[in-house]
Amino acid sequence: MFPTGLRVGLSSLLLCSGTASALVWNTFDGPGSPACHNVSRVHDATSVEDMVSVVKSAIQSKSLVRAAGKGHMWYDTQCSDDSTIIIRTENVAGIYDFNLPEGSPHGSVLVDAGVTFFQLAEYLHDRGASVGYTLTNWNISFGGSVAMGAHRSSIREDSMVAAGVLAMDIIDGKGEIRRVERDENNDEWLAASTSLGLLGIIARIKLKIYPDTKVYAKQNTFDEKEVLEGDIYGLIAPYATANLWWWPYKRKFHQRYYDVVPVNFTEQQGFQNTFSVTDLEAFAAKNLLNSGKYLPTSNMLMEEIFFGQWEKPNFREKTTNTPLTEWPVYGWNYDVLIGGLYPDQKAQWDYGLRAYTLELAFPVTMANAVLKRARGLFDEELKKGIIMTSTYRSGINIKFGRHYFDFLGQQTYNTSDGVDWSKGTIMFDFPSYRPSVGDEKRFNEPFSVRKRFDPNGIYRSVIGEILEMY
């Protein structure tokens with residue numbers, strides 16, 4: 001019932017003896033969920049030229065700079081400990097130079113850093129185009145998604161957002177705009193493709209686009225053993241995009257997959273619900289999930305409820321806003337693959353539904369071994385009387401990525417350890433609800449053990465801080 005990542009939000013001001021000392025730049029979860037601890041100011045940029053001006057000013061004052069878009073981000077890792085200027089790109093959102101000749105298999109468009117996928121999807125659909133499968137959640141900016149290596153789940157098709165980039169303009173450490181063209185033999189491109197913002201602010205991006213398509217979404221349910229002992233690659237690779245959701249308490253998997261159908265195949269226009277809930281759903285979920293901090297049976301019940309909901313299509317007919325109740329579902333590319341908020345609902349984070357997530361990446365060639373190992377660990381806990389559950393609306397998200405070479409990307413290959421990445425990457429993404437009561441620790445959270453051994457924190461370390469043990 002909540003996002004697997006964290007989105008940039010408003011900063012909160014820390015006061016010292018009544019005098020402003022430094023800003024804490026929070027994720028969208030607000031106070032208590034910092035992205036940066038020592039921010040001198042937040043600048044709401046209005047243009048690429050405005051961003052250049054701020055960077056040049058920061059150079060003169062010897063200040064550090066980080067960009068912040070409107071999208072998911074990792075908690076407590078955006079800045080260094082030194083004083084930093086945040087440049088918000090949300091209002092730098094121009095879309096221009098659309099070029100897709102009639103009959104051509106592909107074309108291009110130029111977007112500013114702050115453009116979100118939803119904004120571009122509407123723009124392109126009105127012109128009979130899409131970005132294909134190099135996309136991700138509706139509220140994420142293109143600048144941030146490219147910098148951080150964001151991706152969809154696919155082995156057959158390119159799914160890294162960066163895979164759809166033809167060129168990008170980066171404001172470098174001298175305050176100059178540097179154009180980096182796609183060139184897999186050039187170190188500058190391989191570094192810029194997933195840069196983590198270390199090269200500068202991605203100001204503009206030239207994207208590859210395609211004629212718009214209609215797609216279908218279908219879902220199957222499997223017993224856990226069928227997946228763990230089966231052909232995981234074969235469940236994913238045949239489709240344009242596909243992933244698995246794991247329900248550890250129920251020992252079940254959902255397989256969701258999508259592919260293209262002819263534009264005139266159906267009149268249906270399905271629209272997927274991504275992160276939206278009603279007031280009543282949010283109230284009920286929050287109370288039951290919070291009780292799961294103390295009562296493991298609440299977490300079991302929550303997984304039962306989420307599983308039952310996820311068995312059915314999380315789609316409505318876009319033209320009438322009526323629920324679609326049967327698989328498969330059909331609709332336009334972006335509406336079905338991503339979708340967004342229903343018009344009569346709000347985003348889950350607007351109700352204070354928060355999460356932590358653990359994401360680990362492995363070669364697909366190790367998929368069965370990794371998931372069996374996870375089940376083995378769950379079963380070890382079961383021997384202690386602790387039942388592993390998922391407290392996320394769609395279970396544990398098992399995503400996949402077509403191999404894509406760059407220096408820092410999650411789906412890269414030719415690694416020094418010689419591991420076989422030829423079949424792509426499997427990503428084990430395990431989100432869990434963050435309680436909003438008491439000390440906000442989750443049920444059976446292991447940090448309580450640390451407190452018993454080291455109540456005064458004399459063994460504190462950076463790793464411990466990153467893991468939020470203090």
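Colleague: What makes you say that α8 lies across β14, β15 and β16?
Modeller: This is a predicted model, in which local features need pLDDT of at least 70, side-chain atom pairs count only at pLDDT 80 or more, and totals for chains, interfaces and linings use all residues. Residues are numbered from 1 along each chain as its sequence is written, and side-chain values use heavy atoms, with hydrogens and water left out. Contact means heavy atoms within 4.5 Å. The direction of α8 is at about 150° to β15 (241-247), where angles run from 0 to 180 degrees between N-to-C directions and axes are lines fitted to C-alpha atoms, for helices over the stretch in contact. Helix α10 (residues 367-383) also packs on the sheet, touching β15, β16, β23, β24 and β25, and makes about 25° with β25.

Colleague: How do you know that the length of α8 agrees with its number of residues?
Modeller: The expected span is 1.5 Å times one less than the number of residues. For the 15 residues of α8 this gives 21 Å, and the end C-alpha atoms are 21 Å apart, so the two agree. Helices here are DSSP runs of H or I with at least four residues, strands are runs of E with at least two, and both are numbered from the N terminus.

Colleague: Which residues of α8 are called buried?
Modeller: Buried means under 20% relative accessible area, exposed over 50%, and partly exposed in between, with a 1.4 Å probe and protein chains only. S298, N299, M300, M302, E303, F306, F307 and W310 are buried. The buried residues of α8 pack against β14, β15, β16 and α7.

Colleague: What describes the packing of α7 with α8?
Modeller: Two packed helices are described by the angle between their axes and the distance between the axes. Here α7 (residues 279-291) and α8 (residues 296-310) are at about 145°, with axes 7 Å apart. On the α7 side A285, L288, L289 and S291 take part, and on the α8 side S298, L301, M302 and I305. By class, this contact has 6 nonpolar, 2 polar and no charged residues.

Colleague: Why is the pairing of β14 with β16 called antiparallel pairing over 10 bridges?
Modeller: Two strands pair if DSSP finds at least two bridges between them. Strand β14 (residues 214-223) and strand β16 (residues 252-261) have 10 bridges in the antiparallel sense, so they count as a pair. One of the bridges joins N220 to Q255 in β16.

Colleague: What makes β21 and β23 edge strands?
Modeller: In the open sheet the order is β21-β14-β16-β15-β24-β25-β23, 7 strands with antiparallel pairing. Strands β21 (329-332) and β23 (355-363) each pair on one side only. The twist averages 20° from one strand to the next.

Colleague: Why is K62 called exposed?
Modeller: The relative accessible area of K62 is 76%, which is over the 50% limit, so K62 is exposed. K62 is not a glycine, yet has a positive phi of about 60°. Its place is the loop between α1 (48-60) and β5 (64-68).

Colleague: And why is E440 called partly exposed?
Modeller: E440 has a relative accessible area of 24%, which falls between the limits for buried and exposed, so partly exposed is the term. E440 also has a positive phi, about 65°, although it is not a glycine. E440 sits in the loop between β25 and α11 (447-453).

Definitions and conventions. Nonpolar A, V, L, I, M, F, W, Y, C, P; charged D, E, K, R; others polar.
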